[in-house]
Amino acid sequence: MKAFADLFQTLDETSKTTLKINALAHYFKHADDKDRIWTIALFSGRRPKRAVTTAQLRAWAAERSGIEPWLFEECYPIVGDLAETISLVLPDASETSQASLTDWLKALAALASEPEEARKTFVLDAWDCLDGTERFLFNKLITGGFRVGVSQKLMTRALAAASGKDEAELAHRLMGDWTPLTTSYHALIEADDPASARSRPYPFYLASGLEGAAHDLGPVVDWHAEWKWDGIRGQVILRAGEVFVWSRGEELVSERFPEFNRLLDVLPEGTVLDGEILGWQDARPMPFAALQKRIGRKSVPTKLLREIPVVIYAYDLLEWRGEDIRAQPFEQRRAALVRALADLPETAPVHLSPEIKASDWNALAKSRSTARENSAEGLMLKRRTSPYLAGRKRGDWWKWKLDPLTIDAVMIYAQSGHGRRANLFTDYTFAVWSGNDLVPFTKAYSGLSDAEFGQITAWVRKNTLQRFGPVRAVAPEHVFEIAFEGIQASTRHKSGVALRFPRMLRWRRDKPVQEANTLDDLKEMLNLYG
Amino acid sequence: MPRYNRHMAHEPLITFTDRGMYCARAQVYMDPWKPVARALITHGHADHAREGHAHYMCTKSAAPIMRHRLGSIDLQEVEYGEKIVINGVEISFHPAGHVIGSAQIRLAYKGEVWVISGDYKVEHDGIGEPFEPVRCTHFVTECTFGLPIFKWAPQARVAAQINDWWRINANAGVHSIIGAYSLGKAQRILSLLEPGIGPILTHGAIEASNAVLRGQGITLPQTTLITPDFDHTSQNGAMVLAPPAALGSKWAAKFGAHSSGFASGWMRLRGVRRRRALERGFVMSDHADWEGLLHAIALTNAENIYVTHGYTDIFARHLKSAGYNAAIVETAFDGEDTALESKAI
Ligand SMILES: [Zn+2]
Ligand SMILES: [Zn+2]
């Protein structure tokens, strides 16, 4: 496993994407043939089945380390990672191992059918012949949660560099239900495969945030306005009897959204749509939280498909009947899109993202202010004459987002962060006034600078009123402006509200605690926007 | 008439006050954090040696740094092991192995013996005075790294890692910038570098400490101070010693392409390493690791252990389960390792 551990170490020690790709490409050119295909499997989410439970691992690790189980459990949240905690508490290895990554993965695959005693012996022996990074990686493999900062996208770029193949084509090759046992590096990566070329998406055109005033953009009639949806930007490609779905990260996500296969029944081949993938219910978008349940899963259980059906809210047409029409003005592409989607059955998983018409900028600003009620984040403005460009090009496409909602709140609990923030108090609970009481209503973790987190950490240490395990009640002295994107009624929270994307906008050192907002203020927001 | 428990009839020799640890009989405070008349100081780090006391006492080898940091103070210097008696209380300083001049302070009166450890480590670093266990009945210990996940490799192994890293960078013609606390860690690393690999450059904050230590007769490899008019391309492949906050700063960017590393006990945690976007983390601390703490505590023979400075609740719970009378003491120590993320240059 040495070669794989060295690769991991190099990837872990740099934050520079180019260095990561170089290291991966070097590995894919030179590593053992079997190890290469297993590595691709790991980095594309094809993880070995978990052969032991994490409860067993924790118990065995505490036992082997000679520490009490509670002490192990205290260490775990401070480290923030189970595989790492185990590798840190164990005594140094007394032997070394020459086994390769492939050897270990095969042994792990065979482990599932062994009795518990044999599994325990296997794990303890492994711990005793692996040290440092190798031991950490072994634990990652055995716990099944192999996420180590290498995305499939990054790996695909490295494979492109190593093999000379096109990146989009490789992304397609990596799809499907292959396993390291059913294919080889050569067959998967190097051999010819014409089907892959058909999946290729167009580079996304990205809008920029509007900084100045909208009326400075010129006559309103030059602009097409539509809602800015809060979903996943996606491209849906229909070619040669197949449907390919690409996310904005240029990740191929077809398998996660099987409903789009039905588009083949209603749209011609040679169609490429640009739009927003959204959860859809009762003829309107579902909150992003619903869609999130779909994103994380490679294969979607039927129940989830039924509960959270998705559609693409189409706002642009890039290819029509096999012809690339990106150079046409937006207005023309939009007209073609309207025609293409006219008369589709209501059940088709595609809808036209409606145009927001307005006679002047003031009227448009008024529409924008109702974005929240329309499940949108604001407006998109697109110049009617604009071609579909590649990447982020300023001038023709603008995001005109709503300002976040804000409230001034008092910090009442602090907790140290996980993993990389283990030695800082970064997770806070905030409260608003209800009479003379402070009622907690949200937690927030981000938005402050490292220097500010450092200062608050020092302050928390000296101003702890009470400890509840890892949580510290602190003196109610500091006011923070909390920004959030939405508010909903909640029965799970004492305050009766739940916020979307809460974060600290700034530390209001100028504000005395008495001047923080009240629960009534929050409830009023709920009435307006909930 | 209040009923006295015989045990409670006399106050303990040391009490914990809002100014710091206090011996009422001798009228001395140990590492106080608010101004007092008489302060006994374990070592010269800023969270232990504060400004504003009327009278200070520390070891002879800690004195130069104290004067450098605090200016002209009324300072009494003592030798390690020298006995000073104040109102019957026997006071002495014993090596803590933390940084040069650092001490554990022993206070004894009628069989009650307290040792205030300050910060300490048990492995000899070859530059400071090696840690000496002191028997006592009450031991006040830090526990910055009081969890079993913290284990230090022998110093020689970490030294080899640092030199290997430097050699590879030097061969590639890029600078190695290593972050280390200005007093203690920086000089420890300096003494471990192989000067044959290349030149050694220092940030002003570190060079100031170097000058003080050289002035008291400690030998350190030759270093070049980086001044504002320094030509950053003149010594490619050099090792650069800088305070932690200088890593990733404009000051570091002037060296062009470089590799950055940081030497601290926190580098044991992958999350901390990654948070600072460091290429290399070297696990090296001037505090004791888990085994070191437990070993040091056992050697004191004390039954009463007071823990401060770190993962106090977890560490105290463990000590209790191991049969000690352990209690947590809240202090205002917020030192070079606890304040890792907020320390300014
Ligand atoms: Zn210190
Ligand atoms: Zn300290």
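The structure is a predicted model, in which local features need pLDDT of at least 70, side-chain atom pairs count only at pLDDT 80 or more, and totals for chains, interfaces and linings use all residues. Residues are numbered from 1 along each chain as its sequence is written, chains are lettered from A and ligands numbered from 1 in the order in which they are written, and side-chain values use heavy atoms, with hydrogens and water left out.

I begin with the zinc ion (ligand 1). Its donors are His43(B) through NE2, His45(B) through ND1, His98(B) through NE2 and Asp119(B) through OD, at 2.2 Å. A donor here is an N, O or S atom within 2.8 Å of the metal (3.2 Å for Na, K and Ca); water is not among the atoms, so sites may look incomplete. The spacing of these donor residues in sequence is H-x1-H-x52-H-x20-D. The four donor atoms subtend angles of 90 to 171 degrees, and the arrangement is therefore irregular. Irregular means anything other than tetrahedral (four donors, all angles between 85 and 135 degrees), square planar (four) or octahedral (six), the last two requiring opposite donors over 155 degrees apart and all others between 65 and 115. Both His43(B) and Asp119(B) are buried, that is, under 20% relative accessible area with a 1.4 Å probe and protein chains only (exposed is over 50%, partly exposed in between).

What coordinates both zinc ions? Asp119(B) does, and the two ions, ligand 2 and ligand 1, are 3.7 Å apart.

The zinc ion (ligand 2) is coordinated at 2.2 to 2.8 Å by Asp47(B) (OD), His48(B) (NE2), Asp119(B) (OD) and His309(B) (NE2). Around this ion the four donor atoms subtend angles of 81 to 149 degrees, so this arrangement is irregular. The donor residues follow the spacing D-H-x70-D-x189-H. Asp47(B) and His309(B) are each buried.

I turn now to chain A. The axes of helix 4 (residues 54–65) and helix 6 (residues 82–89) of chain A come within 9 Å and cross at roughly 15 degrees.

Terms used
Axes fitted to C-alpha atoms, helices over the stretch in contact; angles between N-to-C directions. Helix = DSSP H or I, 4+ residues; strand = E, 2+ residues; numbered from the N terminus.
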